[in-house]
Amino acid sequence: MTVHPSLQPYADAWTHSIEAISELVLPLSEGEWNRTTPCPGWSVRDVVSHIIGIECEQLGDPRPIHTLPRDLRHVVDEFTRYMEVQVDVRRHHTAPEMTSELEYTIIRRQRQLRNEKRDPATLVRGPLGDQVPLEFALRLRAFDVWTHEQDLRAALGVPGNWDSPGAYVARDILLAGLAKVVAKEAGAPPNSAVVLDVHGELEFMRTVRVDAQGRGTLDKAPSLGPAVTLAMDWQTYVRLAAGRVRPHAVADRVKVEGDVALAQAILTRFAVTP
């Protein structure tokens, strides 16, 4: 147990997902490391490289000094350039090199988490090298590792863990961006409501309420007469909200009731992760 119980759920979720990833990739052949994942531009090797790199940064290791090739089409801004460095330096690593570095990194991080004595509000290195609270950083790691676990499972044809501890962390992080999508980006009209109804491994209903000033808030209470209701299964919600699939590709898995134009505007902007 950590000193602060608020950190424990995120540490547990991270541990569950990263150990699942280790089990997934340990038996892979060299060719399987090159399989394409739903994460744009990244192979199985790239996803694991990203995880290793970010966990090393959480340990305080220096970032590699590395110049990226100019022909990486998925590298489009500062965020993707930053993330790509840890990936590109490992692009030619062999399967044994990948699995051994992953295992060593997991051992180091688990030791760090077991010995964690800092207050959850302590500022630590964030995703882009900025300073963020420790609790927020660990929450993001739990989310990121679970999401990439699903990328790897999709690439390798080994589904599972859609209701694991990391799934609940992912649900809350993805939902946190929904009000902005509906009210600001999709332009839902003032004094309206949009309902999201998700079923499957995780089931929940949320309402985004847009006030007279056009500000959106999220709550669990149902809405009478919403402008739009979007119903979909949990896996489809994750893939849309995490930017792993375009709305047209899963149109048959999303049920729309109400204002079709507004629904389309919401779905087009549904991804809340970079």
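1. Let's start in a loop: Asn-191 sits between helix 7 and strand 3. Helices here are DSSP runs of H or I with at least four residues, strands are runs of E with at least two, and both are numbered from the N terminus. The phi of Asn-191 is near 60°, a positive value in a residue other than glycine. That's worth a look, as most residues other than glycine have a negative phi. Asn-191 counts as exposed, at 63% relative accessibility. For that label, exposed means over 50% relative accessible area, buried means under 20%, and partly exposed is in between (1.4 Å probe, protein chains only).

2. Before going on, a word on what you're looking at. This is a predicted model, where local features need pLDDT of at least 70 and side-chain atom pairs count only at pLDDT 80 or more, while totals for chains, interfaces and linings use all residues. Residues are numbered from 1 along each chain as its sequence is written, and side-chain values use heavy atoms, with hydrogens and water left out.

3. Asn-161 also has a positive phi, near 60°. You'll find Asn-161 in the loop between helix 5 and helix 6, and it is partly exposed, with a relative accessible area of 22%.

4. Now the overall picture. The protein has 9 helices and 7 strands, and its C-alpha atoms fill a box of roughly 55 × 45 × 35 Å along the principal axes. Of the 274 residues, 50% count as buried.

5. How much of the contacting is done by residues 24 or more positions apart? Such pairs account for 65% of the contacts with a separation of 6 or more, where contact means heavy atoms within 4.5 Å.

6. The largest nonpolar core has 74 residues, and those touching the most other members are Leu-196, Leu-230, Met-232, Trp-234, Tyr-237, Ile-266 and Phe-270. Helix 5 (residues 134-156) gives the most to this core, with 10 residues. A nonpolar core, by the way, is a set of buried Ala, Val, Leu, Ile, Met, Phe, Trp, Tyr and Cys residues joined through side-chain atoms within 4.5 Å.

7. Helix 8 (residues 234-241) is largely enclosed by the rest of the structure, because 7 of its 8 residues are buried. Among them are Trp-234, Tyr-237 and Leu-240. Asp-233 caps the N-terminal end of the helix, with a side-chain oxygen 3.1 Å from the backbone nitrogen of Gln-235. After helix 8 comes Gly-243, with a positive phi near 70°.

8. Arg-244 is in the loop between helix 8 and strand 7 (254-258). Its side chain makes a polar contact of 2.8 Å with that of Asp-151. Polar contact here means a pair of N or O atoms within 3.5 Å; within protein, one must be able to donate a hydrogen and the other to accept it, and residues adjacent in sequence count only if both atoms are side-chain atoms. Leaving out residues up to four places away in sequence, Arg-244 also touches Cys-39, Thr-147 and Arg-239, among others.

9. A disulfide needs a pair of cysteine sulfur atoms within 2.5 Å, and the count comes to 0. Cys-39 is buried, with a relative accessible area of 9%, and Cys-56 counts as buried at 9% too.

10. Back to helix 7 (residues 178-185), whose buried residues include Leu-178, Val-181 and Val-182. The buried residues of this helix pack against helix 6, strand 3, strand 4, strand 5 and helix 9. Gly-187 follows helix 7, and its phi is positive, near 70°.

11. Finally, is Ser-223 buried or exposed? It counts as buried, at 16% relative accessibility, in the loop between strand 5 and strand 6. Not counting residues up to four places away in sequence, Ser-223 touches Ala-193, Val-195, Thr-207 and Arg-209.
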